[in-house]
Amino acid sequence: MNKTVNQKAWLFVIPVFVLVAFNAVVPLMTVVNYAFQETFGSNVFAWEGTRWFKQILQSDRFHAALGRQFTFTFIILLIQIPLGIGIALTMPKKGWGVPTCLILMSMPLLIPWNVVGAMWNIFALPDIGFLGHTLNSLGFDFNFTQQSGDAWFTTILMDVWHWTSLVVLLSYAGLNSIQPAYYQAAEIDGASRWDIFRYIELPKMKKVLTLAILLRFMDSFMIYTEPFVLTGGGPGNATAFLSIDLVKMALGQFDLGPAAAMSLIYFFIVLLVCWVFYSLMMKNEVKS
Amino acid sequence: MSLELKNIEKKVGLETFIYPTNLKLEKNTINVLLGSTLAGKTTLMQIMAGLDKPTAGEIWFNDQNVTGVKVQKRNVSMVYQQFINYPNYTVYENIASPLKITGVDANEIKERVGKVAELLKLSPMLDKKPNELSGGQQQRTALARALIKDSDLILLDEPLANLDFKLREELREELPKLFENRECIVVYATTEPSDALMIGGNTATILEGKIIQYGKTLDVYNNPENLTSAEVFSDPPMNIAKVNKSGDSCSLLEANTTWKTNKKIKDGNYTIGIRPHNVTVEKTSTNSVEIKGKVMISELSGSESLIHFKYGQSNWVSLSSGSHKINIGEEMKLYMNVDECLFFDQNNRLVSNG
């Protein structure tokens, strides 16, 4: 077949280019612009090269925030993924229980993020909040506004409450796509419940779980609104995750250069981890 | 060794899946369950295996009541229409899995997997994962898993249905050989009469949850007890017409066709069934009777011509060898071999074959 060259086809791509330019490229380039310069008032800039990047990468403050961020993400993944799979496994597969469970499960996902933060803030208040008050009357010295351990506990609990449902729904969809014949075949072989999970359910859920882990990693690594409303990063800097620290630097201290450099580093970390993770998970898939 | 179903019945809610059924399967036999989709073949097999419990009735194995005994405690293998293998096990590990669970010694596993793989032509792909194999190879793996343990009962639930034509033919020829030297009862469910004929053994024709007839496959084919059994065991569908017999003449009620007969049956009205390959474009027997039909659809496959035509008020099918020129919508002469007619009485019971 002869293919004709028709450059007019580019015209069809223009709308997408314009759209992407406005919502992604232009803002990103502004940040790049700030990251290599010192910004003074009245639109005066001075070239700084890679100074801000070096400064950020060597600063203890950034290391601490990064450490907190990885710890937080690691903990919530460790809780949410097994918990989500566990809940999905116990959910009914037919009858009225299915819609009931699905609706109950999707509730937390429908609540705006700042509302989640505000809800948990009030819920956990040591004097009037249901959770805080109960814990204190049970003899625990619980105060998330003053003790960093309690602040972490509350933030993690809030995130688990808010996002485990996503893992549940994805796992549930994965489980439902397994044909009943697989379970029968395993039963005939005399496989135990654990064998069925390990050799049938888990491999069959691999793709949705990859997606779930990726989504939960990205979202938790970029978490901002909920801890901002709940703890504001405190007490002290105890729950100041990367994004909270970044906003403090950019808008609180107005250090535009270092903040821009930090956001680019932040962006590359997310990109890098996602890429490494995805390539690892999909390594075996490429063959087939 | 024998498997016996005694008055087995299966109901789910108000719906009856299996009507009270009696069936006795003997040692070293291949038994075909022949019936259309939703006839109850799978349900029957699941009850035989112990994967499902009957609502009423008993299952006896080797003169022991095994009703309600779980599948893990029964020595059963099953192969499904879908290719069921453990996705992240290699072919070797898949085949070995039933033995591993029962704790067979590693050297013995190796030897037995080798043998079965050889038998099913899987030796070159033992290190591959199921999703790297073709459909036919995946199903061979599933078959190998069923064959590796010395099961008393091997159930094959439409194992060839998801394979393409060529692979199906190939595997269908091999299947009966695989069970030749085994001490077991094989049950094979299929929707295709040709499968039953090729596999041989015994056949049970099933319709809407009832076993219509059970016996040697050729007997069931040649001497169907009743019209229903004959219809289940005919593809393309059997041609059916009402006839009147008086003295030595037989005439079709709906069309103007009469022939001489020397059948020793009482005068009166009968239903005849005649298989499509006995209605042909060319005369195949001296007793063939000429009939006329209006051609509606014709399917030529090169070696065969399938003609759907209107005969009187009924839709008939003719199957002739060779390619013939057929004009759709035209009246056409066909020959019906009346020697091959099956006569059924008013209660649809067979009174005369041929």
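1. In this predicted model, domain 1 of chain B and domain 2 of chain B bury about 870 Å² between them, and carbon and sulfur atoms give 54% of that area. On the domain 1 side, B:Tyr221, B:Glu225 and B:Leu227 lose the most area to domain 2 of chain B, and together they account for 53% of what that side buries.

2. As for the bounds of these two parts, the domain assignment of chain B places domain 1 at residues 2-232 and domain 2 at residues 239-353. The centres of the two domains of chain B, taken over C-alpha atoms, are separated by 37 Å, and the contact draws nine residues from domain 1 and ten residues from domain 2.

3. Turning to chain A, helix α4 (residues 97-110) and helix α7 (residues 148-176) have axes that come within 7 Å and cross at roughly 140°. Because angles over 145 degrees would be needed to count as roughly antiparallel, α4(A) and α7(A) are therefore oblique to each other, and the crossing in which α4(A) passes α7(A) is left-handed.

4. Which residues make the contact between α4(A) and α7(A)? From α4(A) come A:Val98, A:Leu102, A:Met105, A:Ser106, A:Pro108 and A:Leu109, while α7(A) supplies A:Trp161, A:His162, A:Trp163, A:Ser165, A:Leu166, A:Val168, A:Leu169 and A:Tyr172.

Terms used
Residues numbered from 1 in each chain as written. Chains lettered and ligands numbered in written order. Predicted model: local features only at pLDDT ≥ 70, side-chain atom pairs only at ≥ 80, totals over all residues. Heavy atoms only, no water. Axes fitted to C-alpha atoms, helices over the stretch in contact; angles between N-to-C directions. Helix = DSSP H or I, 4+ residues; strand = E, 2+ residues; numbered from the N terminus. Parallel < 35°, antiparallel > 145°, perpendicular 65-115°, else oblique. Left-handed = near helix turned anticlockwise from the far one by under 90°. Contact = heavy atoms within 4.5 Å. Domains from an automatic or database assignment. Buried area = accessible area lost by both parts, 1.4 Å probe.
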